[in-house]
Amino acid sequence: MTAHVPTRPGLLASVATLDEMRVALSAGVDIVDLKNPAEGALGAWAPDALSEAVALWRAAGAPGSLSATVGDHPLDPDLLRAAAERTAATGVPLVKIGFTFGDGARLPPVLDALRPLARETRLIAVLFADQAPDFAVVPQFAAAGFHGVMLDTADKAAGGLLAHMGVETLARFVATARAERLITGLAGSLKVADIAPLAALRPHYLGFRGALCAEGRTSALDPLRLAAVRDTLGGRILA
Ligand SMILES: O=C[C@H](O)COP(=O)(O)O
């Protein structure tokens, strides 16, 4: 995966089990995202399961990329560094870390704590559209050595990404991240109908979970729904 601007977004599919991961690999998704949806927006897999997933991904020829979420944590330097280091130690190449804001002054010490890890592992900052993030923080992630930044939603019962931010605001987010040479992603209860307006903004990837499942994001991945999202996006594009 590179920071060039793609002609269309890749597909990030969040999976909850190794069996779901196999389905996602067979479907040719661009980023297999290891996440436990039952544990919240950024619920984490156990480290042993992450290691198994890394082994499975490598055995499959390491197609596309592999990401994992570190869990939902407050904006605390020690907690976030420990969670990110634990995740990176399993060999997952992309580590997604959620940032919840209230007091912007609390971000710099957290970024200082993550800076050493960012030199060794590709870190993705996840901001939550339903928490009205200030995009002025995006350059701070770039300066700390992050690889990418994405938007998601924290409260999955409160509507999808486009219910919280209009297309113009999202375009500003993508442009801000792109100017910092960060990989960009958009997610948050996205549906097939959201793909066209969001793809037009040219983020690097769109992230999905709920739309891939028959009965909500904590139910099992449905291969047919996954195929429908993949086909609407147009197949794999990220190397
Ligand atoms: O990283 C992407 C998320 O897993 C998206 O989940 P969602 O589509 O259920 O909001």
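Modeller: Eight strands close into a barrel, in the order S1-S2-S3-S4-S5-S6-S7-S8, with parallel pairing. From one strand to the next, the twist averages 25°. Such angles run from 0 to 180 degrees between N-to-C directions, with axes fitted to C-alpha atoms, for helices over the stretch in contact. This is a predicted model: local features need pLDDT of at least 70, side-chain atom pairs count only at pLDDT 80 or more, and totals for chains, interfaces and linings use all residues. Residues are numbered from 1 along each chain as its sequence is written.

Colleague: What makes S1 and S2 a pair?

Modeller: Two strands pair if DSSP finds at least two bridges between them. Strands are DSSP runs (E, at least two residues), helices likewise (H or I, at least four), numbered from the N terminus. S1 (residues 10-15) and S2 have four bridges, so they pair, in the parallel sense. Leu12 has Ile31 in S2 as its bridge partner.

Colleague: Why is the crossover from S1 through H1 to S2 called right-handed?

Modeller: Because, with the strands pointing away from the viewer, the path from the first strand over the helix to the second runs clockwise. H1 covers residues 18-27. S2, H2 (residues 47-59) and S3 also make a right-handed β-α-β unit.

Colleague: What makes S2 covered on both faces?

Modeller: Ile31 and Asp33 on one side, and Val32 and Leu34 on the other, are all buried. Buried means 20 or more other C-beta atoms within 10 Å of the residue's own, placed from the backbone; exposed means 12 or fewer, partly exposed in between.
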